[in-house]
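Consult the sequence and the structure shown here while reading.

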Amino acid sequence: NLDQVHKHRVIKIWRIIDHFLSVRANLDEYIYIGKLVLKCAQDINDDRSVTDINVEVLGFAYMTKARRMKISDADRDYLLSSAKELISEGLNVYQQSGSLIGMGIAHRYLGMIAKLEGDYKKAETYLKQSLNNFEATRGLDNLGIVLSDLGDLALQQSEFDSSFEYHNRRLIFGKF
């Protein structure tokens with residue numbers, strides 16, 4: 001029951017809300033608040049925020065809940081499917097707008113989902129696409145995280161040399 005002014009305020013601070021909830025709240029609260037913020041963005045026709053919230057809040061939350069919670073296989077599959085759908089739709093929007101950071105985040109999340117599903121080749125492809133997206137930006141957003149993800153994935157597959165290279169690059173990156 002928020003008025004337009006308050007909906008605009010919610011959208012302005014949603015990243016702060018997202019950060020706070022990702023650290024402090026349980027995933028059900030995180031999803032509930034994410035849906036509230038999404039509704040505000042939809043009501044004021046802020047398409048960019050709708051996409052970001054679907055990918056970075058709800059897609060991430062569904063993926064994380066599927067990974068962390070003790071749930072049935074059917075619920076896990078549903079959560080991963082929902083996350084994949086939201087993130088894939090977001091990826092299409094980011095590609096159309098040319099948002100390298102958005103594409104990098106979406107590729108990373110799709111890689112994490114593929115890893116959870118046991119498709120390590122697809123996970124590696126998505127994570128490498130994410131790395132390429134982040135390397136093409138001026139900032140260093142998420143670059144270290146993706147290097148760690150690739151190193152961990154290589155280690156899981158007993159590709160020790162590749163894992164060492166990714167983690168070493170991550171350590172070098174961390175010094176800057």
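## Lining of the pocket

At least two lining residues of the largest pocket come from each of helix 2 (14-24), helix 3 (27-43), helix 4 (47-68) and helix 6 (100-116). Helices here are DSSP runs of H or I with at least four residues, numbered from the N terminus. Helix 2 contributes the most, six residues.

The model is predicted: local features need pLDDT of at least 70 and side-chain atom pairs pLDDT 80 or more, while totals for chains, interfaces and linings use all residues. Residues are numbered from 1 along each chain as its sequence is written, and side-chain values use heavy atoms, without hydrogens and water.

## Size and residue classes

The largest pocket has a volume of about 460 Å³. On a 1 Å grid over the protein atoms alone, a pocket is an open set of points where a 1.4 Å probe fits, with protein on both sides within 12 Å along at least five of seven lines; lining residues have an atom within 4 Å of a point. The volume is the space filled by probe spheres set on the points, which are joined across faces, edges and corners.

Of the 22 lining residues, D18, Y30, E56, F60 and Y109 lie nearest the centre of the pocket. The lining has ten nonpolar residues (Ala, Val, Leu, Ile, Met, Phe, Trp, Tyr, Cys, Pro), seven charged (Asp, Glu, Lys, Arg) and five polar (the others, Gly among them).

## Helix 4 and helix 6

The axes of helix 4 and helix 6 are 11 Å apart, at an angle of about 15 degrees. Axes are lines fitted to C-alpha atoms over the stretch in contact, and angles run from 0 to 180 degrees between N-to-C directions. The two helices are therefore roughly parallel, a term for angles under 35 degrees.

Notes:
Parallel < 35°, antiparallel > 145°, perpendicular 65-115°, else oblique.
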